[in-house]
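Take a walk through the structure shown here.

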Amino acid sequence: MNTIDLEKEFQRKLDAEEKIEPKDWMPDDYRKTLIRQISQHAHSEIVGMLPEGNWLTRAPSLRRKVAALAKVQDEAGHGLYLYSACETLGVERDELLEQLHTGKAKYSSIFNYPTLTWADMGAIGWLVDGAAIMNQVPLCRCSYGPYARAMVRVCKEESFHQRQGYEIMLTLCNGTPEQKAMAQDALNRWWWPSIMMFGPNDADSPHTAQSMQWKIKRFTNDELRQRFIDATVPQADILGIKIPDPDLKWNEETKHYDFGSIDWDEFWAVVKGNGPCNKERLAARNKAHDNGAWVREAALAYTEKKRKKTAA
Ligand code: BYC
């Protein structure tokens, strides 16, 4: 097939809602966009283990510890599915990890904030995983097959994460006044970073329009942010705590919540490496990678030994 026919076939598949698979022809920029998004997503899962890892040794009960351990392990698994999905596009995992470790690659801004109290484990599950689900359920319908299929399992696990976070918040909010104050403090600190997670406003998002055309993204950043806010406000009401936004109010005409302006200077500072924990997160990832060198060497030596044995 010549390039024009290949492009037509690619477009036909998109129009017919057929998945694009690794061996199919695809435009270079479609491939690049997917590598960018899937690798950033994979890095986010792996770096996303760090803020909560901080609380594994401090969980207040055995039940909480078991749930937190399972959640953090799930996140490692999500990272692995996503690196694998990304590799189907012809990029090596080593290259992706190198980009993360040198600070060249982006990962979600949210993981550069500190987890100061146990209530932060609740707020992360409720808000961060809640935002993640809102963003990721539509990705199960992404046009690229391996990414879409990986997201199905990721989303099932994310909904358990969201529930465990909300349950922590509910327990704190029904506890002593000090516990409720801890929950309120966590909401105060995690609210704005969580709504920034959806990315820049559509008017300032360089990639959204093209990604929507390619059916990688099914909703824009602003559409998903609004859905998240609409779903989350009633949940805060049930908890009896207050979202830290004086401009938040129900708009009877639009049937959505209006909300205050987002501090995009803070968002870009964090994305560019100047958030409260960026340096700490990268140092932790680099240390873990360096400490794991012997495992990689042993695995390679074992494979080589097996290869020689088979050859002999
Ligand atoms: N943080 O044109 P835009 C999780 C960057 S995992 C940092 O809107 P796009 C979880 C963006 O990359 C959460 N950077 O881009 C894990 C782009 O920069 P480049 C991660 C951000 O790709 C463990 C530039 O800004 N989820 O939830 O169309 C525990 C312009 O943006 C952010 C995913 O990765 C940000 N928040 O849309 C708990 C989901 N936002 O590449 C929870 C998959 C934007 O031009 N990804 N940027 O240098 C996506 O859905 C999309 O990539 C985004 C951004 C909506 C994030």
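The count of aromatic pairs comes to 11. Here rings of Phe, Tyr and Trp (its six-membered ring) pair if their centres lie within 6.5 Å; planes under 30 degrees apart are stacked, over 60 edge-to-face, and the rest tilted. This is a predicted model, where local features need pLDDT of at least 70, side-chain atom pairs count only at pLDDT 80 or more, and totals for chains, interfaces and linings use all residues. Residues are numbered from 1 along each chain as its sequence is written, and side-chain values use heavy atoms, with hydrogens and water left out.

Start with tryptophan 191 and phenylalanine 228. Their rings are stacked, 6.1 Å centre to centre, with 20° between the planes. The pair links distant parts of the chain. Tryptophan 191 belongs to helix α8 and phenylalanine 228 to helix α10 (residues 221–239), 37 residues apart. Helices (H or I, at least four residues) and strands (E, at least two) are DSSP runs, numbered from the N terminus. Are these two residues buried or exposed? Both tryptophan 191 and phenylalanine 228 are buried. Buried means under 20% relative accessible area, exposed over 50%, and partly exposed in between (1.4 Å probe, protein chains only).

Now turn to tryptophan 250 and tyrosine 257. Their ring centres are 5.0 Å apart and their planes stand at 70°, so this pair is edge-to-face. Tryptophan 250 is partly exposed, with a relative accessible area of 40%. Tyrosine 257 has 16% relative accessibility and counts as buried.

Glutamine 226 is in contact with His256, Tyr257 and Phe259, leaving aside residues within four places in sequence. Contact means heavy atoms within 4.5 Å. Glutamine 226 lies in helix α10. At 17% relative accessibility, glutamine 226 counts as buried.

Which residues form one aromatic cluster? They are Phe10, Trp25, Tyr30 and Trp214.

Rings also meet charges. The charged end of arginine 58 sits over the ring of tryptophan 55, 5.6 Å from its centre. Arginine 227 lies over the face of phenylalanine 219, at 4.1 Å from the ring centre. The rule asks for NZ of Lys or CZ of Arg within 6 Å of the ring centre and within 35 degrees of the ring normal.

Next comes helix packing. Look at helix α7 (residues 145–173) and helix α8 (residues 177–196). Their axes come within 7 Å and cross at roughly 140°. That makes α7 oblique to α8. Angles under 35 degrees count as roughly parallel, over 145 as roughly antiparallel, 65 to 115 as roughly perpendicular, and the rest as oblique. Axes are lines fitted to C-alpha atoms, for helices over the stretch in contact, and angles run from 0 to 180 degrees between N-to-C directions. Met169, Leu172 and Cys173 of α7 meet Gln179, Lys180 and Ala183 of α8. By class, this contact of α7 with α8 has four nonpolar, one polar and one charged residues. Ala, Val, Leu, Ile, Met, Phe, Trp, Tyr, Cys and Pro count as nonpolar, Asp, Glu, Lys and Arg as charged, and the others, Gly among them, as polar.

Helix α5 (residues 93–101) and helix α12 (residues 278–291) give another crossing. Their axes come within 9 Å, at roughly 140°. That makes α5 oblique to α12. On the α5 side, Leu97, Leu100 and His101 make the contact; on the α12 side, Leu282, Arg285, Asn286 and His289 do. The residues of this contact of α5 with α12 divide into three nonpolar, three polar and one charged.

Now the loops. Threonine 88 lies in the loop between α4 (62–87) and α5. With a relative accessible area of 31%, threonine 88 is partly exposed. Threonine 88 touches Pro22, Tyr144 and Pro146, not counting residues up to four places away in sequence. How far apart are threonine 88 and proline 22 in sequence and in space? They are 66 residues apart in sequence and 5.8 Å apart in space, C-alpha to C-alpha.

Glutamate 17 is in the loop between α1 (3–15) and α2 (28–47). Its phi is near 60°, a positive value in a residue other than glycine. Glutamate 17 is partly exposed, at 44% relative accessible area. Lysine 215, in the loop between α9 (208–213) and α10, also has a positive phi near 60°.
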